[in-house]
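The following exercises accompany a structure that is new to the reader. Please work through each task before reading its solution.

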Amino acid sequence: KARRATQEEEVEDVSHHHGVFGEDAGKACARWKQNEWCQQGHRMGTTISSRKGKNKKQQQQLFQRHTQATATTRTTTTTTRKLVTKMPVAVPRVPYRTPQEGNWQWVDLWNCLYRERILFVGQGVTEDLGNQLVGTLLYLDSVSQKDLQMYINTCEGGQLVPSLALYDTMRHLKSDIVTVGFGGVMGMAAFLMCSGTKGKRLSLAHTRIMMHLPSGTARGSSTDMWNETRELLRIRGYMLKCLETQTGKSQEQLLSDFSRNTYFTPETAQEYGIIDQVLRPRRKAGK
């Protein structure tokens with residue numbers, strides 16, 4: 001009875017000081033007593049060697065209990081932080097109605113845009129991205145001959161060979177390719193934007209456009225260096241012919257203008273023939 005009365009007094013004391021009641025007060029009291037005991041055990045551990053009747057085994061037990069309590073607290077804190085910082089962020093899903101069946105289903109955003117014949121080039125064109133875009137273009141062109149819209153925003157440009165493979169595929173399709181540049185369109189990305197169907201090459205009002213011809217270096221024997229140089233000149237000539245068809249400029253002028261990085265505003269790019277129209281914000285009625 002005396003012990004029970006003492007425990008009830010301790011619980012009331014914790015409830016009065018910490019503002020918790022009921023079962024929470026009992027749990028808080030237990031935790032407070034455990035922490036107090038650990039602190040006392042730690043203090044006892046420092047002076048236990050000077051007391052009589054206390055051997056080394058008891059000292060080690062007290063020290064191990066104190067260490068385990070501290071490690072448990074640290075582990076709990078670390079686990080909580082990991083759970084918070086590793087929250088996954090998935091691709092957003094949107095409701096989409098299938099045209100054949102008419103059923104609504106949740107699909108990821110990029111899949112929904114593909115079904116609406118909209119493609120995004122948001123990074124430098126690599127072999128993986130190039131193959132994915134080529135496969136998507138071929139499939140969509142086989143389904144319908146409606147316009148395909150390609151939105152381009154990349155300052156990295158891309159690798160030469162995958163970009164040329166994508167260009168050849170765009171020329172091969174029966175569907176018209178609507179290219180829309182926004183953000184930054186530089187290097188091979190600008191070449192792809194210029195390669196869209198004439199009259200359907202668009203750009204937003206504040207797009208940064210930069211065009212240049214490919215360049216490179218060669219090492220090894222003189223024969224190897226000559227072969228690399230000849231191949232680079234051949235690819236340059238092929239790109240100059242493509243740009244001549246798309247822009248209406250002569251190859252000599254294109255070679256002189258694009259030997260180095262040449263920057264354009266959307267207006268100057270339209271005058272040069274790289275794009276056909278600059279998209280402006282729509283004005284509301286009455287303004």
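**Exercise 1.** Which residues of helix α8 are buried? State also what they pack against.

*Solution.* The model is a predicted one. Begin with the extent of the helix: α8 covers residues 222–247, which makes 26 residues. From first C-alpha to last it reaches 37 Å, close to the expected 38 Å. Next, apply the cut-off for burial, under 20% relative accessible area. The buried residues of α8 are then Ile 235, Arg 236, Met 239, Leu 240, Cys 242, Leu 243, Gln 246 and Thr 247. Finally, identify their partners: these buried residues pack against the helices α6, α7, α9 and α10 and the strands β6 and β7. Just after α8, Gly 248 adopts a positive phi of about 85 degrees.

**Exercise 2.** Determine how strand β7 is joined to β5 and to β8.

*Solution.* First take β5 (residues 177–186): three bridges join this strand to β7, and the two run parallel. Here Met 186 stands opposite Met 210 of β7. Then take β8 (residues 262–264): three bridges join β7 to β8, and this pair runs antiparallel. In this pairing Met 210 stands opposite Tyr 263 of β8.

**Exercise 3.** Describe how helices α5 and α6 pack.

*Solution.* Start with the geometry: the angle is about 5 degrees and the axes lie 9 Å apart. Angles under 35 degrees count as roughly parallel, and α5 and α6 are therefore roughly parallel to each other. Now list the contact residues: α5 contributes Glu 127, Leu 133, Val 134, Leu 137 and Leu 138, while α6 contributes Pro 162, Ala 165, Leu 166, Thr 169, Met 170 and His 172. Lastly, classify them: eight are nonpolar, two polar and one charged.

How values were computed
Residues are numbered from 1 along each chain as its sequence is written. This is a predicted model: local features need pLDDT of at least 70, side-chain atom pairs count only at pLDDT 80 or more; totals for chains, interfaces and linings use all residues. Side-chain values use heavy atoms; hydrogens and water are left out. Helices (H or I, at least four residues) and strands (E, at least two) are DSSP runs, numbered from the N terminus. The expected span of a helix is 1.5 Å times one less than its number of residues. Buried means under 20% relative accessible area, exposed over 50%, partly exposed in between (1.4 Å probe, protein chains only). Contact means heavy atoms within 4.5 Å. Two strands pair if DSSP finds at least two bridges between them. Axes are lines fitted to C-alpha atoms, for helices over the stretch in contact, and angles run from 0 to 180 degrees between N-to-C directions. Angles under 35 degrees count as roughly parallel, over 145 as roughly antiparallel, 65 to 115 as roughly perpendicular and the rest as oblique. Ala, Val, Leu, Ile, Met, Phe, Trp, Tyr, Cys and Pro count as nonpolar, Asp, Glu, Lys and Arg as charged, and the others, Gly among them, as polar.
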